[in-house]
Amino acid sequence: RRICSDKNETYRLLYEFQPRSVLVEHADDAEGVVSELPGEMVAVKALQGNSGKQVFVGKKTDFDIAQFNQPLPWQIQEYIETDGGIPGVVEGRHDFRVVVIDGQPAIATLRTPPVGSYKSNLGYGGEAKIIDASMVPSELVEICRLIDQRLASIGENRFYSADFGLTQYGWRLFELNAMPGTISRDRGEPAVEYQEKVATFMAQAASKNAQKGAI
């Protein structure tokens with residue numbers, strides 16, 4: 001949970017899966033880092049937070065340090081375009097969120113931003129569609145397995161989500177999330193199966209912890 005909740009900790013462990021990122025501890029350094037990263041776009045993130053509220057994504061010329069007004073340090077990340085879509089899944093920009101339980105995709109959510117926008121969060125007008133775990137591309141399943149191998153060295157009972165995009169460089173991890181949450185059963189069979197997987201995971205984790213306590 002600690003690794004997934006801190007974007008810089010995530011990057012330190014999984015940097016080869018992610019766009020290039022730089023930790024900025026002083027606001028005065030942000031402008032120089034932004035200009036040094038390639039491209040006309042940039043992503044600037046507070047190290048903690050969710051729902052896109054602590055994130056700027058857009059043209060470098062539109063980034064205003066004073067207006068960003070988020071607690072330091074910040075993670076400044078190279079922007080890599082996803083407008084090529086995912087063959088057979090979606091056209092255009094996207095955020096493909098995979099919920100992972102001990103290395104295996106349990107369910108996924110395809111999130112897409114409004115036309116002309118870069119954030120796919122629902123609070124910013126994005127749309128979300130549930131994707132059954134069986135429909136997660138095989139290449140991405142393998143990447144999830146490799147990522148989880150790193151996390152397995154830190155802790156047992158791993159339950160988290162990972163946000164990806166398909167770019168000109170292949171799949172890239174944007175961030176991890178420590179609290180994937182639940183999905184209402186009325187959203188269809190994939191949601192029902194997901195709830196069953198989560199329930200099984202929790203029961204097994206509780207049993208393991210109880211056995212350790214007994215020892």
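The model is a predicted one. In helix α2, which spans residues 7-14, five named positions are considered below, among them Tyr-11, which is buried and also takes part in an aromatic pair with Tyr-15. A search of the whole structure finds 0 disulfides, while the count of aromatic pairs comes to 7.

**Helix α2**

- The buried residues of α2 (7-14) are Lys-7, Asn-8, Thr-10, Tyr-11 and Leu-14.
- Viewed down the helix axis, the buried residues of α2 fall within an arc of 155 degrees, so they line one face of the helix.
- An α-helix has 3.6 residues a turn, so residues three or four places apart point the same way.
- The elements that cover these buried residues of α2 include the helices α1 (2-5) and α5 (138-152), together with the strands β1 (21-24), β2 (41-46), β4 (74-78) and β9 (170-177).

**Aromatic pairs**

- The aromatic pairs number 7, and one of them joins Tyr-11 and Tyr-15 in an edge-to-face arrangement, with 6.5 Å from centre to centre and 65 degrees between the planes.
- Tyr-11 has a relative accessibility of 16% and counts as buried because the cut-off for that class is under 20%.
- The rings of Phe-56 and Phe-63 have centres 5.2 Å apart and planes at 50 degrees, so this pair is tilted.
- Phe-56 is buried, with a relative accessible area of 17%, and Phe-63, at 12% relative accessibility, counts as buried too.
- Phe-56 and Phe-63 belong to a cluster, linked by ring pairs, that also contains Phe-68 and Trp-74.

**Cysteines**

- With 0 disulfides found in the whole structure, Cys-4 is in none, and the cysteine sulfur nearest to its own, that of Cys-144, is 12 Å away.
- Cys-144 is likewise in no disulfide, its nearest cysteine sulfur being that of Cys-4 at 12 Å.
- Cys-4 is buried, with a relative accessible area of 10%, and Cys-144 counts as buried at 2% relative accessibility.

**Gln-168**

- Gln-168 lies in the loop between β8 (159-167) and β9, and at 69% relative accessibility Gln-168 counts as exposed.
- The side chain of Gln-168 makes a polar contact of 3.5 Å with the side chain of Tyr-169.
- Gln-168 and Ser-117 are separated by 51 residues in sequence and by 19 Å in space, C-alpha to C-alpha.

Terms used: Residues are numbered from 1 along each chain as its sequence is written. This is a predicted model: local features need pLDDT of at least 70, side-chain atom pairs count only at pLDDT 80 or more; totals for chains, interfaces and linings use all residues. Side-chain values use heavy atoms; hydrogens and water are left out. Rings of Phe, Tyr and Trp (its six-membered ring) pair if their centres lie within 6.5 Å; planes under 30 degrees apart count as stacked, over 60 as edge-to-face and the rest as tilted. Buried means under 20% relative accessible area, exposed over 50%, partly exposed in between (1.4 Å probe, protein chains only). Helices (H or I, at least four residues) and strands (E, at least two) are DSSP runs, numbered from the N terminus. The arc is that of the directions from the helix axis to the C-beta atoms. Contact means heavy atoms within 4.5 Å. A polar contact is a pair of N or O atoms within 3.5 Å; within protein, one must be able to donate a hydrogen and the other to accept it, and residues adjacent in sequence count only if both atoms are side-chain atoms. A disulfide is a pair of cysteine sulfur atoms within 2.5 Å.
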